[in-house]
Amino acid sequence: MQIKGTYFDGKSAKAHDAVLCADETCVQVKDAKGRPFDDIDDLLPSMSVAPKLGSTRRVIRFEGGRQFETPDFDGVKNLEDRFGLNRAFTFVGFLEARWYAVLLCFAGLVAFVTLAVTWGLPQFAKIVAFKLPPTAMDKVSRDALALFDKRVFKPSDLSEIEKTKIRKVFLQLTRETGKDRAFSLQFRKSKTIGANAFALPSGVIIITDDLVKTSQDIRELKGVLVHEISHITHRHAVRSVIQNTGVVLLISLLAGDVSSITSLAASIPTLLLESGYSRRFEIEADAAVGLYFLNKGWPLKFYEDILIRIVKDPAQPGHSDIFSTHPDLKERIERLKTYSVSAE
Amino acid sequence: MQDVDRLAGSVDAEQSKVRVYPKLRRVLPVKFTGQAKEYFKIWIVNLFLSIITLTIYSAWAKVRTRRYFYANTSIDGQALDYLANPVKILKGHLIVGFLFIAYSISGQFNAWVSGGFILFFYLILPFLIYKSIRFYTHNSAYRGIRFDFDGTLWESYQLYLLAPILIPLTLGLYFPYWVHLQKRWFFENTAFGSTFNDFEGKPGMFYKTYFLAILQVFTMVMFFILIAGLTAYFSGGGLASFKSGVPDSQVFFKIGMIMGFLGYILLLMGTAIVQQYVFARITNYCWHQSCMKLEVMGSLNEFASAAGKDVSAVGDAATDFFDFDIGL
């Protein structure tokens, strides 16, 4: 076969009219007089055909910077077929040429990203989190507690008797539901936070005076503590870190660069995803409470009551209809119901 | 052009000089023939393949994109070419990606380590920029002759580590001048084969452009302040707290109402951004290319190649990963 085009010898910028001749065993590039350039008989060993790219002219490269260019698409396609070249990129070119293929790619892209975000990344984070040592986030926990103590927390007002009582309950719970580590219960007081409980990945659980005071039955407190313990045993903090890092990487990959993650447009989906993940962790911790109560034969109402009472806490601005203004809470209570229904 | 003195007439003992016989001075326009529609399709397929291969394909996508723009840029009837080997770029991507993941994760566990990473990054950035420019100029070719970059590593450090210090010191006034310095460094040290370059841009032009840009940005900022307020609302949280739903859920309710409205805007913005990104790349490139002209003494045929050197790709990947606009 013969393909007409332009030849560059890689040593000067001069363009030569040329013809590329190929048969089963050899490839030559000849000048207008029919002589191979530089008297090279066979250029096949060093031949590299650049894949087709849109409607740009085809380029075939040889050693020493020599190259041959041509707008003869059919000719080069024949060459590729004859030597079995660029099969993968011919397919890519096929995708790029047709609008329906492009739309399919786009749909595939959306599907893949959705799958990765809703399943792939959380799975990966779970597997990795359990491979890491439980002490991985101890320093962060210490720093966080120190920060909270400086800004938000005051020492607890509860009596020693009360604290001891709750600590005993806590110890029993950790024996029953905690697995591979040591736990510690800390009491604090805070006007701004009101009734609440926090779990730090190092095994420290903090409970506020207001929460203790607002509870009417010890089972309510047990529910809260089981929830917090499960945050730790399920390694939610580490998984959250890994997932959030993954989200950052994914969004920056889609946006084309990492610096864009700081842009506001990128931070919205990031925050949405991260909030979504943390909601899932809350539900997982609630499930632990559901199972625990089921095993003990306690009605889940105790746990639900304290959840609602926390939300209604006077330290927070009040609302008349709890569920309409707290769709999150509504979802959690509804999921808890699946545990009490099976008990009856 | 100052290098005419170097070119005209004399034969130099050194291999790197070139003899050119002075002929008519010609002005050759740079033509760009790429099309937004065509590029858009390439871009989507690139994105799709990059994501499903977990970014492995992105090295090939990068080369493909560059090749597309180069191949659609022609001077005197011949187009440019990009010769980089994607495998090298892939290696660069892997190194940089690994470092970035290490940085992200360490940042969550220990603030000191992540601070160390940031410091390390600033110290290594001029090196990465230097390597990147060398890689992509060396792999750019015209009529079979490669370009080259002859700036030194030390110059890169002066320009990208020391000079930026002046920017906050002058409350930003130094910035356009700094951009001018960057362009000048790039163009003055870019060589085509064995021929060197000269740069005649003046700082004034840069100041004018940036002033206009700032006006545009100001209006955008007003819009984003609105969005910022909303996202600040989101970041309630703290650690996994028992009632993490609570402060957030009140917000979620309000957000729910605004979501519909915002979602519509985001959709508009989203499609606009996608369009803009693609078309901006094309038009930006067009603008650059059609504003660029090549003045030639004699014919282009006389340019000769320089002794070859292979250049590693870590820099190229790094600056693309972090998207520092250091090129043309």
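Colleague: What rules apply to the model and its numbering?

Modeller: The model is predicted, so local features need pLDDT of at least 70 and side-chain atom pairs count only at pLDDT 80 or more, while totals for chains, interfaces and linings use all residues. Residues are numbered from 1 along each chain as its sequence is written, chains are lettered from A and ligands numbered from 1 in the order in which they are written, and side-chain values use heavy atoms, without hydrogens and water.

Colleague: Why is A:Asp286 called buried?

Modeller: The relative accessible area of A:Asp286 is 3%. Buried means under 20%, exposed over 50%, and partly exposed in between, with a 1.4 Å probe and protein chains only. A:Asp286 is therefore buried. This residue belongs to helix α9 (residues 264-296) of chain A; helices are DSSP runs of H or I with at least four residues, strands are runs of E with at least two, and both are numbered from the N terminus.

Colleague: What makes the pair A:Arg332 and A:Asp286 a salt bridge?

Modeller: A salt bridge requires a side-chain nitrogen of Lys or Arg within 4 Å of a carboxyl oxygen of Asp or Glu. For the side chains of A:Arg332 and A:Asp286, the N to O distance is 2.8 Å, and the term applies. A:Arg332 lies in helix α12 (residues 327-343) of chain A and A:Asp286 in helix α9 of chain A, so the pair ties together parts that are 46 residues apart in sequence. Both A:Arg332 and A:Asp286 are buried.

Colleague: Which residues does A:Asp286 contact, apart from its neighbours within four places in sequence?

Modeller: A:Asp286 is in contact, meaning heavy atoms within 4.5 Å, with A:His227, A:Tyr303, A:Arg332 and A:Leu336.

Colleague: Why is A:Lys337 described as partly exposed?

Modeller: A:Lys337 has 40% relative accessibility, so it counts as partly exposed. Its side chain meets that of A:Glu304 in a salt bridge of 3.6 Å, N to O. A:Glu304, with a relative accessible area of 10%, is buried.

Colleague: What makes strand β3 (residues 78-82) of chain B largely enclosed?

Modeller: Five of the five residues of β3 are buried, so the strand is largely enclosed by the rest of the structure.

Colleague: How do you know which strands pair with β3(B)?

Modeller: Two strands pair if DSSP finds at least two bridges between them. Strand β2 (residues 73-75) of chain B pairs with β3(B) in the antiparallel sense over two bridges. Strand β4 (residues 140-142) of chain B is an antiparallel partner of β3(B) over three bridges. B:Ile75 stands opposite B:Gln78, and the bridge partner of B:Tyr82 is B:Ser140. β2(B) and β3(B) form a hairpin with two residues between them.

Colleague: Why is B:Trp154 called exposed?

Modeller: B:Trp154 has a relative accessible area of 54%, so the residue counts as exposed. Its place is in helix α6 of chain B.
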